[in-house]
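Q: Hey, can you walk me through this one? I'd like to talk about charged pairs and helix packing.

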Amino acid sequence: MSLISILLFTIAIMSFSFGLLTLIGASRVDRLRSAWFCFATIGSAMWAISIAVFLSLAPDATSAEFWIYGIYVPPMLMLVGLLGYVSWQYKSGKVLTVISCLLMVVLVTLLLTDKTLLYQSYDLTIAGNVVNLTRGWFYPAYMAFFFLADPLFLFYAWSTVRHARNKHIKNGTLILMIGFGITGAVTLVVDLVLPLLGIYSWIWIGPLFISVTIAMYFYAILKFHMISVASRWLQIATYAVVGLTSVAVYMILFYTIFTTLFKIPNPSTSVLVLNFLMIVIVLLLMPVIREVNAVLRSMVMVGQVDIAYVIKKLNKLATKNIDLRDLAAFLADHLHFAYIGFVVNGRLYGSKALAVSADELVKITKLKDAPGNGVWQEPTKEVQKILDELNLKAVAELKNAKGKAFGQLIAGKPNGKTSFERRDLVQLEMIINLVAAVIDSEKHIRA
């Protein structure tokens, strides 16, 4: 099987999955519209599979006629589904969708009754498989179906964009309209006009472009929360489909680079297997790669704090028994301070060793409470002298959910700076409140 056929099978599964997930995740009110979209993706998937199989048929194959029907019937199903999806909310849209269904049934019936209306013969050769189209009235009528239905789709999509009250629906439909406007023009050329001129080697581009548009629209559906993916299995299915999309993108890039560099239309089976294994390995390693990248970015970017990463790690730590020294070291590394320490139950848990005596630690713990809802404590002259000798810059209270202080956080100077800036204080204060929620002075402390 050629790389193009594998790619078409991949995008077929991807397109159908997008439609099915959209239908399952749709609200009850939007279920009928989503059914039209699912209908369209079924047509797109059948179209892609038929082209994939036909292009890979051996010269002695006997099933070519069946797959030729698959090349020319499903695109009509897809277009009717898309038209119904964007126009069913309008009375005129309902009428035109029904009319397009009837026209499709007429064309399909005529085609099944007399296949010579569409083509005279087909050639299955090593050089490439070709359908020799009949130059009669049927094919222009078939083309007219698309040249009329495409503008109708764009018109009703634009009407939805103009009149939709929901901003998310408006933005999502705009993406679908623009994507289909571009890919529809390309598809009409490579799948309708060029085959009539005897150029059949580019028909696979049509379903590829349409699948890209469907993928972009599905991304918009997820981004704008147009469907619900609350259930666990639906979330897993969505991640799987997104992974499949990554495979399709990789294969497109690989095919482009391979054919450009080596001038070979189809790589060998061993090359295909190797690339398949590589993309599977990369996808499996993505969580590890993402985590390593987040750690490195958080530690290397000294000039700023990756708040999102720090909060994510603190949320994970909240479910575990934590070592306060490890937590202090983590905060020192990722908040970029020379030192972070916790004083809990009269003991100091620091990111590194600190030469502080028991008497000095007692004086720090006896500082007055922070004013109001704040966390920063005002050092006395005696405590300030101790902090200066230890190269420490600030002391903050750790408060539990009831607002009662149960410990302190001691911070050294920010790395690369001589003193605190307001941004440092704001960021650190937010983290202190999260840390205080993570630390339970009675259950989660391990010396």
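This is a predicted model: local features need pLDDT of at least 70, side-chain atom pairs count only at pLDDT 80 or more; totals for chains, interfaces and linings use all residues.

Q: Okay, how many salt bridges does the count come to?

A: The count by that rule is four.

Q: Which residues are linked in a network of salt bridges?

A: That would be D359, K363 and E382.

Q: So what does K363 do with D359? How far apart are the closest N and O atoms?

A: K363 and D359 form a salt bridge, and their closest N and O atoms are 3.5 Å apart.

Q: Where do those two lie?

A: Both are in helix α13, which covers residues 358-365. They're four residues apart, about one turn of the helix.

Q: And the E382 side of things?

A: E382 and K363 meet through their side chains in a salt bridge, at 2.4 Å from N to O. This pair links distant parts of the chain, since E382 is in helix α14 (residues 381-389) while K363 is in helix α13, 19 residues apart.

Q: Got it. What about K399 and E397?

A: Their side chains meet in a salt bridge as well, 3.8 Å from N to O. K399 has 22% relative accessibility, so it's partly exposed. E397 is at 4%, so that one is buried.

Q: Changing topic: how do α6 and α7 pack?

A: Helix α6 is residues 138-163 and helix α7 is residues 167-196. They pack at an angle of about 165°, and their axes are 9 Å apart.

Q: Why those two numbers?

A: Because two packed helices are described by the angle between their axes and the distance between the axes.

Q: Are α6 and α7 roughly parallel or roughly antiparallel?

A: Roughly antiparallel. Angles over 145 degrees count that way, and theirs is about 165°.

Q: Which hand is the crossing?

A: α6 passes α7 in a left-handed crossing. By class, their contact has 20 nonpolar residues, along with four polar and four charged ones.

Terms used: Residues are numbered from 1 along each chain as its sequence is written. Side-chain values use heavy atoms; hydrogens and water are left out. Axes are lines fitted to C-alpha atoms, for helices over the stretch in contact, and angles run from 0 to 180 degrees between N-to-C directions. Angles under 35 degrees count as roughly parallel, over 145 as roughly antiparallel, 65 to 115 as roughly perpendicular and the rest as oblique. A crossing is left-handed if the near helix is turned anticlockwise from the far one by less than a right angle, and right-handed if clockwise. Ala, Val, Leu, Ile, Met, Phe, Trp, Tyr, Cys and Pro count as nonpolar, Asp, Glu, Lys and Arg as charged, and the others, Gly among them, as polar. Buried means under 20% relative accessible area, exposed over 50%, partly exposed in between (1.4 Å probe, protein chains only).
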